[in-house]
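Open the model in your viewer and keep the sequence panel beside it. The tour starts at one residue and then zooms out.

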Amino acid sequence: MLHGVLLIMLFACSAFYIAGFQWVKSLSLSPLIVGIILGMFYANTLRMHVPDTWVPGFKFCSKQVLRTGIVLYGFRLTIQDVLSVGLPAIVADSIIVCGTLLLGILVGKLLKIDSDTVLMTATGSSICGAAAVLGAEPVVKCEPHKTAVAVSTVVIFGTLSMFLYPILYRSGVLDFLPTTGVAIYVGSTLHEVAHVVGAGNAIDPDGALGIANNATIVKMIRVMMLAPVLLVMSFVLAKVRAKSGVESGKSKITIPWFAFGFLAVIILNSLIQGAVTNNAGAHEIYKSINSGIEYIDTFMLTMAMTALGADTSIDKFKQAGAKPFALAGILYIWLVFGGGTIAYLLS
């Protein structure tokens, strides 16, 4: 198993190195996305030459390492950030998350897509992209290639938005929104945190309008919603699967303990940051510690993404077909147009 873990770590190191290239940075492709691409490349080239005894190491990275990474993700968030942007951002995020999930389930049924793929794709579009897909994977209990398909939709449409939103802003299409409305629009509808940061900085390069910072905070509020969504999803899935006669392993209620750990870490981080706010020295020390934890967390999530990619071949993508991407495209249209309307009404 250790050999498998070390191989995934090597790929994760490569993903960090590649993510540092300027052209990769310009696309706001995080190490997580680079990691799953490397994993998928490996799955379709060298995977057949690796001993089967290494496979448990891949599973360890896509399960235990993943859940630990989701818990540590809470160090990026504080309750203070939520309070700083106010109620409109919370309401907008709630509508977007619930609306996208419900629309995804409805459209998925119309397109006759399997429920696991629908849930993974809708979760990635509604909350926080690849991190949300990773968080939902232990609850949905789907095959790795379905996770990879969901992440692929996030990459495609999230990257498109990152370039589209600044164009819409500069061309005057978003003039009907005040600066706070633009921040809510960007933060509540873009897929990845990296996409929000990229689009926000392109719209507000010097930070004078406050759009970039506020959009990131709005996005982080969406990230906070991951834990309650996973908890509700776990109970609903267990009930539905039990009624439909799915095997006991899948119909059993899965309590996402890592989601509670995620919330606990947010509260801990909020308390510590509140305690050191008035102490410049302690604040700088904790800032450095927090930055180190975030780096380790990103590395762990990159390992998990790489491990999932390593179990995803082109044949499995072909098996999934074009329907998941059609679903993601419909959800994307809802985010662009529906998100703009919601931001206007709340700002």
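Select Thr78. This residue sits in the loop between α4 (55–72) and α5 (79–85). Helices here are DSSP runs of H or I with at least four residues, strands are runs of E with at least two, and both are numbered from the N terminus. The model is predicted: local features need pLDDT of at least 70, side-chain atom pairs count only at pLDDT 80 or more, and totals for chains, interfaces and linings use all residues. Residues are numbered from 1 along each chain as its sequence is written, and side-chain values use heavy atoms, with hydrogens and water left out.

Is Thr78 buried or exposed? Thr78 counts as buried because its relative accessibility is 5%. (Buried means under 20% relative accessible area, exposed over 50%, partly exposed in between, with a 1.4 Å probe and protein chains only.)

Next, show what touches Thr78. Leaving aside neighbours within four places in sequence, select Met224, Ile266, Asn269, Ser270 and Gln273: Thr78 is in contact with each. Contact means heavy atoms within 4.5 Å.

Now zoom out and switch to cartoon. The protein chain has 18 helices and zero strands. Its radius of gyration, 20 Å, is close to the 20 Å that the globule rule gives for 347 residues, so the chain is as compact as a globular protein of that length. That radius is taken over C-alpha atoms; the rule is 2.2 Å times the number of residues to the power 0.38.

The C-alpha atoms fill a box of roughly 55 × 50 × 40 Å.
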